[in-house]
Amino acid sequence: MSVVRRATLNTATFVLVLAALVGAWELYRWIWMTTGWTHPFVVDDTSMPHVYVILRALFRHPTTGIGDVLIVQLLRAALFTAKEAVVGFALGASIGFLLGVVMSQWRVVQRGFLPYVVASQTVPILAVAPIVVVYLGSRHVAPWFAVAVIAAYLTFFPVAVNTLRGLQSTDRRAVELMQSYAAGRWAILWKLRVPAAMPYIFSALKVSATACIVGAIIGESPSSIQEGLGGYIVSFNQYYTLSPENLWATNIVAAALGISFFLVVVLAEKLVVRRAPENVA
């Protein structure tokens with residue numbers, strides 16, 4: 001299949017799925033409002049606005065009519081949040097990769113650190129975020145970097161675990177072959193194990209690409225950052241009953257930002273991993 005044909009098919013599929021989701025939203029809304037059903041929740045213009053109302057809100061002024069329309073404000077906020085997320089993603093992915101490499105090379109480190117790595121993800125991010133913000137603020141660290149650290153917190157875990165799994169999943173026969181040629185531990189690691197683990201690592205990076213957006217948005221709240229999407233979400237949440245479409249519109253932009261990060265990682269994967277996992281090594 002040619003590149004153009006594949007791109008056309010993917011675009012058509014995306015449009016059809018999007019149309020189906022919009023249709024399902026409107027159909028669900030119509031059925032619940034006409035029948036008066038209240039389970040699992042009451043459906044009205046506040047809980048489920050029309051899709052066209054949400055889209056129309058993007059091109060209106062959110063409050064007084066002064067300044068830029070909402071879409072311009074949200075895109076500006078998305079760029080600010082993206083800066084925090086990119087730094088957090090890079091920081092968390094680097095730490096996760098190095099931690100996975102270290103744990104794969106020394107079993108004692110794996111047995112000692114892996115339980116704490118897992119336990120770190122059982123602590124709610126809402127509890128971690130204020131601690132990070134207050135501590136780094138006392139060190140005179142820029143608030144946006146504190147948010148990046150929170151994004152890194154959600155990024156490093158899947159990368160560390162998948163890197164460890166990928167490095168330990170290398171074909172034993174390939175390892176024995178390199179050992180028969182007197183290859184050392186580090187030569188086997190970088191020339192065999194890491195290339196073979198790339199599909200695992202990129203799977204984790206795709207998960208982390210969206211998780212770092214969530215971490216950045218959540219971290220903006222205790223940091224009192226108003227320039228990012230988190231600030232807009234908090235603000236519009238306070239006036240949700242009056243203008244629910246503004247919050248829904250902000251959620252759409254946040255979702256689009258997460259999808260953009262995901263697609264960047266997918267593109268990087270296509271450039272780096274050109275073959276099936278069994279052929280990478």
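Modeller: A definition is needed at the outset: helix axes are lines fitted to C-alpha atoms over the stretch in contact, and angles run from 0 to 180 degrees between N-to-C directions. The model under discussion is a predicted one. In it, the axes of H9 and H10 come within 9 Å and cross at roughly 160°. Since angles over 145 degrees count as roughly antiparallel, H9 is therefore roughly antiparallel to H10. The crossing in which H9 passes H10 is left-handed.

The contact between the two helices can be described residue by residue. H9 contributes Leu229, Tyr232, Ile233, Phe236 and Asn237. Facing them in H10 are Asn246, Leu247, Thr250, Asn251, Val253, Ala254 and Leu257.

The largest nonpolar core has 42 residues, and Leu205, Leu229 and Phe261 touch the most other members. At least two residues of this core come from each of helix H3 (70-105), helix H6 (143-168), helix H8 (185-220), helix H9 (229-238) and helix H10 (244-272). H8 supplies the largest share, 12 residues.

Leaving aside residues up to four places away in sequence, Phe261 touches Ala82, Ala85, Val86, Ala209, Cys212 and Ile213. Apart from this core there is a second, separate one of 11 residues, with Val128, Val133, Tyr153 and Leu154 among them.

How values were computed. Residues numbered from 1 in each chain as written. Predicted model: local features only at pLDDT ≥ 70, side-chain atom pairs only at ≥ 80, totals over all residues. Heavy atoms only, no water. Core = buried A, V, L, I, M, F, W, Y, C linked by side-chain atoms within 4.5 Å. Buried < 20%, exposed > 50% of the residue type's maximum accessible area, 1.4 Å probe, protein only. Helix = DSSP H or I, 4+ residues; strand = E, 2+ residues; numbered from the N terminus. Contact = heavy atoms within 4.5 Å. Parallel < 35°, antiparallel > 145°, perpendicular 65-115°, else oblique. Left-handed = near helix turned anticlockwise from the far one by under 90°.
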